[in-house]
Amino acid sequence: MADQPALRKPSSEETLHDREKHPTSISMIEDFTDPQIERYARHLVLPEIGDEGQARLLSASVLIVGAGGLGSPLLLYLAAAGVGRLGVVEDDSVDLSNLQRQVLHDTPAVGSHKGDSARERLAAINPEVEVTLHKTRLTAENAGEIVAGYDLVADGSDNFATRFLVNDACYLAGKTLVSAAIMRFDGQLSTFKAHQRHEGEEAHPCYRCLFGEQPERDPKQSCADVGVLASLPGVMGSLQATEVIKEITGAGDSLSGRLLLYDALSTSFRVIRAKPDPACLLCGPQARITSLDPARYRPEEAVCES
Ligand SMILES: [Zn+2]
């Protein structure tokens with residue numbers, strides 16, 4: 001690992017020539033404090049992350065929609081990884097029935113706002129991370145402004161209306177979206193960056209390309225009726241955090257253009273191709289959605305409280 005000087009600060013013997021060879025690397029490691037070098041040591045030794053990737057994480061901002069089942073591993077791992085600023089959109093309080101899977105919150109937090117519970121836990125994990133609370137539901141009226149304040153968005157919401165709204169807000173604001181959903185024993189995950197589509201490059205679909213219009217709610221499919229396995233949001237939210245870190249650092253291959261499906265009962269992962277829909281109302285050639293119209297996002301009860 002001779003070309004990875006990430007675990008030490010540059011010594012005074014290093015020549016100007018060395019600095020010119022690795023200008024970015026050297027300048028970034030100088031900016032790290034000793035506790036940061038220790039805290040992020042297991043990232044710094046990874047060639048795919050290194051000091052440059054860690055510096056990107058430290059200066060990145062990520063909005064997490066929902067501090068529930070998916071939001072728990074998302075927030076825990078993104079804080080641990082050193083993402084500089086985490087935004088949390090959440091309007092709910094911690095309920096005893098949440099604790100079976102929402103590992104961000106604990107029993108003494110029952111009754112308190114999930115945002116406050118999240119902030120306290122994240123500060124204990126990594127006090128360097130700035131946490132911005134948006135104690136509100138994401139709506140067509142506020143989504144554009146909230147999303148615009150972040151580099152990237154991770155959706156851990158629990159209903160179709162919010163998922164479509166987050167997708168549309170991200171596309172219109174030019175933000176990459178990592179979106180996951182869970183129900184019973186099944187999970188799905190993909191990355192959407194249709195705003196980056198341009199000629200000559202493999203096309204990126206948006207969430208609408210895959211799922212069309214917001215479905216009519218099936219009354220039998222409410223969260224309390226169908227249930228969710230305790231560890232399922234842990235699996236999917238951890239995968240989602242992984243894809244967020246990859247998007248920020250540029251490590252590996254983006255999940256854009258592919259949809260990951262997980263079936264816990266059969267222990268199977270499937271990855272299927274996800275192509276742009278030429279008839280997509282948001283990102284297709286005849287796109288009609290150019291702003292966030294409240295009438296388009298019908299409020300509904302949670303499909304499966306993540
Ligand atoms: Zn689309």
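These legends describe close-up views of a predicted model.

**View 1. The protein chain as a whole.** The protein chain has 306 residues, and 42% of them count as buried. It contains 12 helices and 8 strands. Consider contacts between residues at least 6 apart in sequence: 70% of them join residues at least 24 apart.

**View 2. Helix H6 crosses helix H7.** H6 covers residues 71-81 and H7 covers residues 114-125. Their axes come within 9 Å. The crossing angle is roughly 30°, and the crossing is right-handed. H6 brings Leu75, Leu76, Ala79 and Ala80 to the contact. H7 brings Ala118, Leu122 and Ile125. By class, the contact has 7 nonpolar residues, with no polar and no charged ones.

**View 3. Helix H6 and its surroundings.** Of the 11 residues of H6, 9 are buried, so the helix is largely enclosed by the rest of the structure. The buried residues are Gly71, Ser72, Pro73, Leu74, Leu75, Leu76, Leu78, Ala79 and Ala81. Two of the helices they pack against are H5 (50-58) and H12 (232-249). H7 is another partner. The strands in this packing are S1 (61-65), S2 and S4 (152-155).

**View 4. Helix H7 and its buried side.** H7 has 12 residues. From first C-alpha to last it reaches 16 Å, close to the 16 Å expected at 1.5 Å a residue. Its buried residues are Lys114, Gly115, Ser117, Ala118, Arg121 and Leu122. They cover an arc of only 160° around the axis, so they lie on the same side of H7. Their cover includes H6, strand S2 (85-89) and strand S3 (130-134). Ala118 and Leu122 are buried, and both also take part in the contact with H6.

View 5. H12 has 18 residues, which should span 26 Å at 1.5 Å a residue. Its end C-alpha atoms are 26 Å apart, which agrees. The helix is mostly covered, with 13 of its 18 residues buried. H12 is one of the elements that the buried residues of H6 pack against. Glycine 250 follows H12, and its phi is positive, near 80°.

**View 6. Tyrosine 262 in strand S7.** Tyrosine 262 belongs to strand S7. Buried or exposed? Tyrosine 262 has 20 C-beta neighbours inside 10 Å, so it counts as buried; the cut-off for buried is 20 or more. Leaving out residues up to four places away in sequence, tyrosine 262 touches Asp186, Gly187, Val235, Met236 and Phe269. Methionine 236 is 26 residues away in sequence. In space, the C-alpha atoms of tyrosine 262 and methionine 236 are 8.2 Å apart.

**View 7. Histidine 195 in the loop between S6 and H10.** Histidine 195 lies in the loop that runs between S6 and helix H10 (207-211). It has 17 C-beta neighbours inside 10 Å and so counts as partly exposed. Beyond its neighbours within four places in sequence, histidine 195 is in contact with Tyr171 and Gly174. Proline 205 is 10 residues from histidine 195 along the chain. Their C-alpha atoms are separated by 9.0 Å.

**View 8. Arginine 184 between strands S5 and S6.** Most residues other than glycine have a negative phi. Arginine 184 is not a glycine, yet its phi is positive, about 50°. Where is arginine 184? It sits in the loop between strand S5 (176-183) and strand S6 (186-192). Arginine 184 has 15 C-beta neighbours inside 10 Å, so it counts as partly exposed.

**View 9. Threonine 267 between strands S7 and S8.** Threonine 267 also has a positive phi, near 50°, in a residue other than glycine. The loop that holds threonine 267 runs between strand S7 (258-263) and strand S8 (268-273). With 7 C-beta neighbours inside 10 Å, threonine 267 counts as exposed.

Conventions
Residues numbered from 1 in each chain as written. Predicted model: local features only at pLDDT ≥ 70, side-chain atom pairs only at ≥ 80, totals over all residues. Axes fitted to C-alpha atoms, helices over the stretch in contact; angles between N-to-C directions. Helix = DSSP H or I, 4+ residues; strand = E, 2+ residues; numbered from the N terminus. Left-handed = near helix turned anticlockwise from the far one by under 90°. Contact = placed C-beta atoms within 7 Å. Nonpolar A, V, L, I, M, F, W, Y, C, P; charged D, E, K, R; others polar. Buried ≥ 20, exposed ≤ 12 C-beta atoms within 10 Å, placed from the backbone. Expected span 1.5 Å × (residues − 1). Arc of directions from axis to C-beta.
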